[in-house]
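Good morning. I will take a few minutes to walk through one chain, and you can follow along on the screen.

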Amino acid sequence: YALIPIEDNFYKNEKLFVDFATEVCEQRIQALMEGESENYKIEQAFAPLSYEDEAILLKVESHKNYLAVKDYLEHKSKKLDLTPLYMFTLGYWAEKESRSIEDIVTEYETQTAFWNQRYDNYKYSMLFKIRSGRGSGLKKYYAGWSTILKMANGNIRYVLEMVYHSYVKHLSSDLGFETPVPPRLQTEAAYDVGGIMLQDLEQEAKNGYK
């Protein structure tokens, strides 16, 4: 027998871990599907969210920064091909730099390439600002097979925990394996697993004092 440092190999080769985790999870889930597993793909079951779709789920359309731009465009009868997250970004920058919405929108119209570049650079960070300081509720979504694998950081146990908790919530909602796991349930599972891991660390720390 020989000891194989599996996790060390995973850290060095991300594709190796992706393939391994995908095969392990698909085989386990297919075993539960009783012959209905031919078309099951875990990447489809745990679909990702685009930044734009996530912004909608975070209720960006009720945020004052979005509404300020929306109201201005409607008042001026301007029709710009902008997503809600992009409009939020314009409103956020107007507030951040103490500028008027008119000034920001005019700058966007005259320097569109500059603003498109800025938006591409900052749209991910904008997601964290939508729910900031707005009370309870999810402040960020964590969904998608690639996201789960990144959060696990080469640890197959974490992957299995997140998939398990996701499907416990999914099946408890009267949804079947043939239905993709909703982003909210994936996110709640990620929070649950994170909380469990923190509790484990806290317990280990207490044991260390003895």
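Take the contacts between residues with a separation of 6 or more: 65% of those in this chain join residues 24 or more positions apart. Please keep in mind that this is a predicted model. The secondary structure consists of 11 helices and 0 strands, so if you read along the sequence, the pattern is α-α-α-α-α-α-α-α-α-α-α. Of the 210 residues in the chain, 36% are buried. The chain exposes about 13,000 Å², and carbon and sulfur atoms supply 51% of that area.

Now to the aromatic rings. How many aromatic pairs does the structure hold? The count is 13. A pair of aromatic rings is described by the distance of the centres and the angle of the planes. For F46 and Y167, the ring centres are 5.5 Å apart and the planes stand at 90 degrees, so this pair is edge-to-face. Where do the two residues sit? F46 is in the loop between helix 3 (42-45) and helix 4 (51-57), while Y167 is in helix 10 (residues 156-172). They are 121 residues apart, and the pair links distant parts of the chain. Both F46 and Y167 are buried.

Another edge-to-face pair is W93 with W115, at 6.4 Å centre to centre and with 90 degrees between the planes. W93 belongs to helix 6 (residues 84-96) and W115 to helix 8, 22 residues apart, and this pair too is listed as linking distant parts of the chain. Buried or exposed, in the case of W93? Buried means under 20% relative accessible area, and W93 has 6%, so W93 counts as buried. W115 has a relative accessible area of 0%, and is therefore buried.

F88, Y92, W93, F114, W115 and Y122 form one aromatic cluster. R118 lies over the face of W115, at 4.8 Å from the ring centre. A second case of this kind is K140, which lies over the face of Y142 at 5.1 Å from the ring centre.

K140 and Y142 bring us to T187. T187 lies in helix 11 (residues 183-208). Its relative accessible area is 0%, so T187 is buried. Which residues does T187 touch, leaving aside its neighbours within four places in sequence? They are L138, K140, Y141 and Y142.

Next is G144, in the loop between helix 8 (112-130) and helix 9 (145-152). G144 lies in a loop, yet G144 is buried, because its relative accessible area is 0%. Leaving aside neighbours within four places in sequence, G144 is in contact with F46, A47, P48 and Q186. You will remember F46 from the pair with Y167. The C-alpha atoms of G144 and T187 are separated by 9.5 Å, and the two residues are 43 residues apart along the chain.

Last, the surface. Y51, Y124 and F128 make a nonpolar surface patch of about 280 Å². Y124 is found in helix 8. What is the exposure of Y124? With a relative accessible area of 38%, Y124 is partly exposed, because that term covers values between 20% and 50%.

To recap: the chain has 11 helices and 0 strands, 13 aromatic pairs, and a nonpolar surface patch made by Y51, Y124 and F128. That is all from me.

Methods:
Residues are numbered from 1 along each chain as its sequence is written. This is a predicted model: local features need pLDDT of at least 70, side-chain atom pairs count only at pLDDT 80 or more; totals for chains, interfaces and linings use all residues. Side-chain values use heavy atoms; hydrogens and water are left out. Helices (H or I, at least four residues) and strands (E, at least two) are DSSP runs, numbered from the N terminus. Buried means under 20% relative accessible area, exposed over 50%, partly exposed in between (1.4 Å probe, protein chains only). Contact means heavy atoms within 4.5 Å. Accessible areas come from the Shrake-Rupley method with a 1.4 Å probe; for residues, only the protein chains shown count as cover. Rings of Phe, Tyr and Trp (its six-membered ring) pair if their centres lie within 6.5 Å; planes under 30 degrees apart count as stacked, over 60 as edge-to-face and the rest as tilted. A charge sits over a ring if NZ of Lys or CZ of Arg is within 6 Å of the ring centre and within 35 degrees of the ring normal. Patches are made of residues with over 30% relative accessible area and no salt bridge: like charges are joined within 9 Å, nonpolar side chains (Val, Leu, Ile, Met, Phe, Trp, Tyr) within 5 Å. A salt bridge is a side-chain nitrogen of Lys or Arg within 4 Å of a carboxyl oxygen of Asp or Glu.
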